[in-house]
Amino acid sequence: MQNCVGKSLYERRKPSKLNLILNIIIVVFLLMFVGELIFNSIYTSIYVKGVSMNPTLNGAPDTSDLRPGGDYLFVNTQEKPDYGYIVVVKTEDTQGIQYNIIKRVVALGGDTVKMVDGQLSIKKKGKSDFEDVDEPYAYYENPYAKVNNFEEHEVKDGCMFLLGDNRDVSEDSRRKGDFPMSSLVGVVPDWSLKYKSQITAFYTFFEFTLGFGKFSSKIYGN
């Protein structure tokens with residue numbers, strides 16, 4: 001009789017397969033939740049508007065409302081920019097209203113830059129000679145246009161000189177001057193550029209097809 005009771009208690013304490021599966025599901029969801037928190041503490045998403053980064057990035061029509069057609073990317077808010085990096089920075093219009101733009105870093109504080117007929121040259125800080133910059137990403141309809149020609153300019157310390165890849169139309173450091181490091185929102189990582197088609201397809205489906213509206217973490221780059 002005692003053996004039967006002991007066996008019965010053991011069987012009740014033995015976890016069922018259903019409980020085991022439920023525990024695994026709970027652990028997986030907890031890990032996903034923690035991973036999401038960590039990811040969102042480092043990265044934020046952006047939606048590209050305007051044509052200033054064509055052909056590297058596709059931009060949605062630059063209108064006041066949100067329309068499909070732009071690329072979605074992730075931005076690392078903790079990474080430091082370097083030469084050739086694509087970054088999102090804060091700027092403001094003539095009325096003092098702040099907005100974000102997405103451009104490429106071509107020079108840093110202490111460097112001297114110039115452009116002749118679309119050819120960008122840089123004399124890095126501490127160097128004595130200019131070197132032409134190879135820019136396979138840059139696009140010009142008219143490299144001889146005034147906007148694609150500027151004299152030597154020394155970038156202020158603690159600042160970046162930014163250009164859009166679509167040089168004829170981009171509103172960048174040629175018009176707005178140097179951008180301080182304090183204006184940096186984040187750097188677009190290589191993996192985000194590599195998988196931008198998949199990221200764009202995912203976000204476009206949820207935002208424009210299912211109509212979920214604006215994601216709270218999204219920043220719009222112009």
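**Entry 1: a pair of opposite charges**

I began with Glu135 and Arg167, which form a salt bridge with their closest N and O atoms 2.7 Å apart. My rule for a salt bridge is a side-chain nitrogen of Lys or Arg within 4 Å of a carboxyl oxygen of Asp or Glu. Glu135 sits in the loop between S7 and S8, and Arg167 in the loop between S9 and helix H3 (173-176), so the pair ties together parts that are 32 residues apart in sequence. Helices (H or I, at least four residues) and strands (E, at least two) are DSSP runs, numbered from the N terminus.

Are these two residues buried or exposed? Glu135 is buried, with a relative accessible area of 12%, and Arg167 is buried at 0%. I noted the cut-offs: buried is under 20% relative accessible area, exposed is over 50%, and partly exposed is in between (1.4 Å probe, protein chains only).

A reminder to myself: side chains of opposite charge can pair when their charged atoms come close.

**Entry 2: what I am looking at**

This is a predicted model, in which local features need pLDDT of at least 70 and side-chain atom pairs count only at pLDDT 80 or more, while totals for chains, interfaces and linings use all residues. Residues are numbered from 1 along each chain as its sequence is written, and side-chain values use heavy atoms, with hydrogens and water left out.

I found five helices and twelve strands in the chain. Of its 222 residues, 37% count as buried. The accessible surface comes to about 13,600 Å², and carbon and sulfur atoms hold 56% of that. Such areas come from the Shrake-Rupley method with a 1.4 Å probe; for residues, only the protein chains shown count as cover.

I also looked at contacts, meaning heavy atoms within 4.5 Å. Among those between residues at least 6 apart in sequence, 62% join residues at least 24 apart.

How many salt bridges does the rule give? The count comes to six. Another one joins Lys125 and Asp157, whose closest N and O atoms are 3.9 Å apart. Lys125 is in the loop between strand S6 (119-123) and S7, and Asp157 in the loop between S8 and strand S9 (159-163), so this pair ties together parts 32 residues apart in sequence. Here Lys125 is exposed at 55% relative accessibility, and Asp157 is exposed at 60%.

I then checked Asp172 and Arg174, a salt bridge with the closest N and O atoms 2.9 Å apart. Asp172 is buried at 0%, and Arg174 is buried at 19%.

**Entry 3: strands and their partners**

Strands of a sheet pair through backbone hydrogen bonds, either parallel or antiparallel. I count two strands as paired if DSSP finds at least two bridges between them.

I followed S3 (residues 86-92) next. Five of its seven residues are buried, so this strand is largely enclosed by the rest of the structure. Seven bridges join S3 to the antiparallel strand S4 (residues 98-108), and Lys90 stands opposite Asn100 there. The hairpin of S3 and S4 has five residues between the strands, and in it Gly96 takes a positive phi near 85 degrees. S3 also pairs with S11 (residues 184-187), antiparallel over three bridges, where Val87 has Val187 as its bridge partner.

S5 (residues 112-116) pairs with S8 over three bridges, and Met115 has Phe150 as its bridge partner.

**Entry 4: helix H5**

Helix H5 (residues 196-209) has 14 residues and reaches 18 Å from its first C-alpha to its last, close to the 20 Å expected. The expected span is 1.5 Å times one less than the number of residues.

The buried residues of H5 are Lys196, Ile199, Thr200, Tyr203 and Glu207. Lys196 has 17% relative accessibility. Leaving aside neighbours within four places in sequence, I found Lys196 in contact with Thr56, Leu57, Asp71, Tyr72 and Leu73.

Ala201 and Tyr72 are 129 residues apart in sequence and 8.4 Å apart in space, C-alpha to C-alpha. After H5 comes Gly211, with a positive phi near 70 degrees.
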